[in-house]
Amino acid sequence: MKKAKIVVLGGGTGLSVLLRGLKTFPVDITAVVTVADDGGSSGILRKELKIPPPGDLRNVLVALSEVEPLVEELFQHRFKNGNGLSGHSLGNLLLAGMTSITGDFARGVQELSRVLNVKGKVLPAANQEIILHAEMEDGTLVEGESSIPRAGKRIKRVFLEPAVPEPLQETLTALEQADLIVLGPGSLYTSVIPNLLVPQISEVIQRSEARKVYICNVMTQPGETTGFTAADHAMAIYEHAGDRILNSILVNVQPIPFSYAQRYAQQNAYEVAVDEDRLRNMGLKVLGEDLLYFDNYLLRHDGQKLSQRLVSML
């Protein structure tokens with residue numbers, strides 16, 4: 001029997017959480033990962049070696065890997081001291097090394113996928129260094145993924161430099177053949193939308209006959225989506241990538257415990273209100289589910305529940 005093909009686009013922790021769940025189902029997974037990150041170890045390697053940032057890709061490779069927990073731990077190990085080593089994770093250094101050996105970032109990712117016995121395909125959204133910029137509502141311009149939320153202003157739009165980066169042919173093929181295309185979960189302007197700013201990627205998704213679902217964030221994100229409803233999230237995606245980019249939105253309907261809500265409120269983050277009528281008027285099918293996992297003090301999407309819901313859409 002032919003396995004259903006799922007393509008997931010995103011970055012950050014949310015993507016890894018989802019993929020850990022998805023790899024337990026008999027589906028064919030392709031993860032397309034944003035390469036706009038410019039903070040921490042990734043940012044340093046990116047500047048010094050002129051390669052796309054390896055951090056988000058490292059996390060995704062680990063999430064989809066089928067290796068001993070110790071190998072996973074080794075890959076995620078971050079050096080605490082050592083001149084020049086401090087702050088770097090071993091996985092980032094291995095990705096940088098593999099890029100240097102193969103002469104190509106995407107090839108490097110592919111070779112490491114084999115080493116880690118990755119279930120599915122992991123592809124960078126672009127195979128070159130790209131910089132994310134934001135134009136704020138007040139007209140100011142901010143450069144760099146990590147600086148955008150810190151600016152503390154309302155974002156009008158984000159854009160890439162170079163404006164038209166080349167996607168990998170493999171990414172376009174995976175999207176053309178997909179039965180289900182998933183955006184998110186993750187930071188709206190810095191993890192989800194950057195993938196859609198690669199023009200050929202958004203064009204292929206718009207043309208696709210697949211189910212196209214956006215996993216909406218549970219909480220607003222200070223400096224990115226303050227005051228946003230679920231429809232505001234979807235509208236931002238439409239404004240950057242056209243309104244044929246989605247046909248469904250998956251939202252959380254599980255109540256958030258008061259203690260968590262309070263803790264998030266101290267950081268100016270609140271539950272994303274689900275404005276169903278407006279979403280339906282935008283042509284979206286609204287799927288409400290209990291999607292939460294309580295991780296110490298954090299609210300996370302539950303990878304298993306999320307994956308189950310997505311697989312049931314096939």
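Predicted model: local features only at pLDDT ≥ 70, side-chain atom pairs only at ≥ 80, totals over all residues.

Mentor: Residues are numbered from 1 along each chain as its sequence is written, and side-chain values use heavy atoms, with hydrogens and water left out.

Trainee: How many aromatic pairs are there by the rule?
Mentor: Rings of Phe, Tyr and Trp (its six-membered ring) pair if their centres lie within 6.5 Å, and planes under 30 degrees apart count as stacked, over 60 as edge-to-face and the rest as tilted. By this rule the count comes to 2 aromatic pairs.

Trainee: Of which kind is the pair of Tyr189 and Phe228?
Mentor: The ring centres of Tyr189 and Phe228 are 6.3 Å apart. Their planes stand at 75°, so the pair is edge-to-face.

Trainee: How many residues apart in sequence are the parts that Tyr189 and Phe228 tie together?
Mentor: Helices (H or I, at least four residues) and strands (E, at least two) are DSSP runs, numbered from the N terminus. Tyr189 lies in helix α9 (residues 188-196), whereas Phe228 lies in the loop between β8 (211-215) and α11 (230-241). The pair therefore ties together parts that are 39 residues apart in sequence.

Trainee: What is the angle between the planes of Tyr260 and Phe294?
Mentor: Tyr260 and Phe294 form an aromatic pair that is tilted, with 5.0 Å from centre to centre. The angle between their planes is 50°.

Trainee: Is Tyr260 buried or exposed?
Mentor: Buried means under 20% relative accessible area, exposed over 50%, and partly exposed in between (1.4 Å probe, protein chains only). Tyr260 has 12% relative accessibility, so Tyr260 counts as buried.

Trainee: Which residue has its charged end over the ring of Tyr260?
Mentor: A charge sits over a ring if NZ of Lys or CZ of Arg is within 6 Å of the ring centre and within 35 degrees of the ring normal. Here the charged end lies 5.3 Å from the centre of the Tyr260 ring, and the residue is Arg263.

Trainee: To which residue does the backbone oxygen of Cys216 come at 3.5 Å?
Mentor: A polar contact is a pair of N or O atoms within 3.5 Å; within protein, one must be able to donate a hydrogen and the other to accept it, and residues adjacent in sequence count only if both atoms are side-chain atoms. The backbone oxygen of Cys216 lies 3.5 Å from a polar side-chain atom of His301.
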